[in-house]
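Please open the model in your viewer and keep the selection tool at hand. The tour below goes from one selection to the next and says what is found at each stop.

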Amino acid sequence: MTEHEVLVRWARSGDARPGLLDLLDAVERARYEATARPADKARFLVGCALSRLALGEALGLPPADVPLRRVCPRCGGPHGKVRLAVPERSPYADVDFSVTHSGDVVGVAVCRGAAVGLDVEDDAIVLDVDAAARTALGDTELSALYAGPAAGRRTAFLRTWTRKEAVLKALGVGLHVPLRGLEMSAPDTAPTVLDWPRQLGPRPEVSLADLTVEGAHTAAVAALGGGGVRVVTRTDPGIPA
C-alpha cells in the first residue's frame, strides 16, 4: 500500500493581520465580520488564510483563487466542514484537507489521495480529565489511561483524544457519534484503531500519526486508508507580512 504524505502547517492566532483579508472570499469575509470576539476573529482569519496558503501551494493556485465551499449538511448555512469546491473529474478532486485549532494554536493538514483529519489540543486548556475520560473513552482506553502514573494522565488522555478526533474529522462527522465505541490503542503505543462503532458504518483502514506542536501541544493526524502516514511539517506558516 502507498504511504500517504500529509502536509501539516501550524500558526498562531497572533499571526492575524489585516492583509490576510485579501485572501478570503465573500462568505469568509462575512463570517469574519459577524464574529464578535477579537480572539475568535483572529483565529478564524488565520485558519482561513493558512488553509488557502497550504492548498494554494499543493494545487499550484494563488491562495485567493482556491475554491472553497462551506455548507452545513443540517441547515444549509455557510458553516461546517469546509471542502474544496471542484468537479469530480477535476485534477484536484482527490485533495482533502482539515483545519484545527485550540487556544491560539491553528493547524491545517493537506493530503492527496485520502481523506484527512487533524486535531490539536492546547496543553493550557482547563480540563477535568476524569470527567472527560468517562464521557469519551471506552473500557479498553480507560484501563490504559488509569494503568499509567497519575502525573501523566492529562497528557495520556489528550493523546487518545486527539487520535480519536482526527479519525472523526477524516470521516467528516462531528462529535455526535458514540465516542466510547471508537477505541484507540494505548497512548504510549503506536496509534491504531482497536474498535469501531457500527453507527459509523463499515470500518475503513485508517493510518494515524502522533504529533507534538512546539514541544508541548498534543496533536494527531489521520488518513483514511492503509499504508501509513508520512507527515511533512511546516512550523513557518508562510503567512505574508
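Helices (H or I, at least four residues) and strands (E, at least two) are here DSSP runs, numbered from the N terminus. The model is a predicted one, in which local features need pLDDT of at least 70 and side-chain atom pairs count only at pLDDT 80 or more, while totals for chains, interfaces and linings use all residues. Residues are numbered from 1 along each chain as its sequence is written, and side-chain values use heavy atoms, with hydrogens and water left out.

On one side, strand 1 runs parallel to strand 11 and is joined to it by 6 bridges; here V6 stands opposite V231, and E5 has R230 as its bridge partner. Strand 1 is also joined to strand 5, by 7 bridges and in the antiparallel sense, with A11 opposite V106.

**Second stop: the second largest pocket**

Next, select E5, L7, A58, V95, V110, C111, R112 and V232, the residues that line the second largest pocket. On a 1 Å grid over the protein atoms alone, a cavity is a set of points where a 1.4 Å probe fits but cannot get out, whereas a pocket is an open set with protein on both sides within 12 Å along at least five of seven lines, and lining residues have an atom within 4 Å of a point. This pocket holds about 160 Å³ of space, grid points being joined across faces, edges and corners and a volume being the space filled by probe spheres set on the points.

Which strands each supply at least two residues of this lining? They are strand 1 (4–12) and strand 5 (105–112), and strand 5 gives the largest share, 3 residues. The lining has 6 nonpolar, no polar and 2 charged residues, with Ala, Val, Leu, Ile, Met, Phe, Trp, Tyr, Cys and Pro counted as nonpolar, Asp, Glu, Lys and Arg as charged, and the others, Gly among them, as polar.

Move to the open sheet of 3 strands, whose order is 6-10-9 and whose pairing is antiparallel. Strand 6 (116–121) and strand 9 (206–213) stand at its edges with a single partner strand each, so one side of each is left without a neighbour in the sheet. Neighbouring strands here are turned by 15° against each other on average, direction ignored.

Strand 10 (residues 217–224) is joined to strand 6 by 6 bridges and to strand 9 by 8 bridges, and 7 of the 8 residues of strand 10 are buried. Centre the view on A219, which stands opposite V120 and is also the bridge partner of L211. In the hairpin of strand 9 and strand 10, with 3 residues between the strands, E214 takes a positive phi near 55°.

**Last stop: G117**

Finally, select G117 in strand 6, which counts as buried because its relative accessibility is 0%. Its contacts, leaving aside neighbours within four places in sequence, are S98, A166, K169, A170, A220, V221 and A222. The C-alpha atom of G117 is separated by 8.7 Å from that of T100, 17 residues apart along the chain.

Notes
Pairing = 2+ DSSP bridges. Axes fitted to C-alpha atoms, helices over the stretch in contact; angles between N-to-C directions. Buried < 20%, exposed > 50% of the residue type's maximum accessible area, 1.4 Å probe, protein only. Contact = heavy atoms within 4.5 Å.
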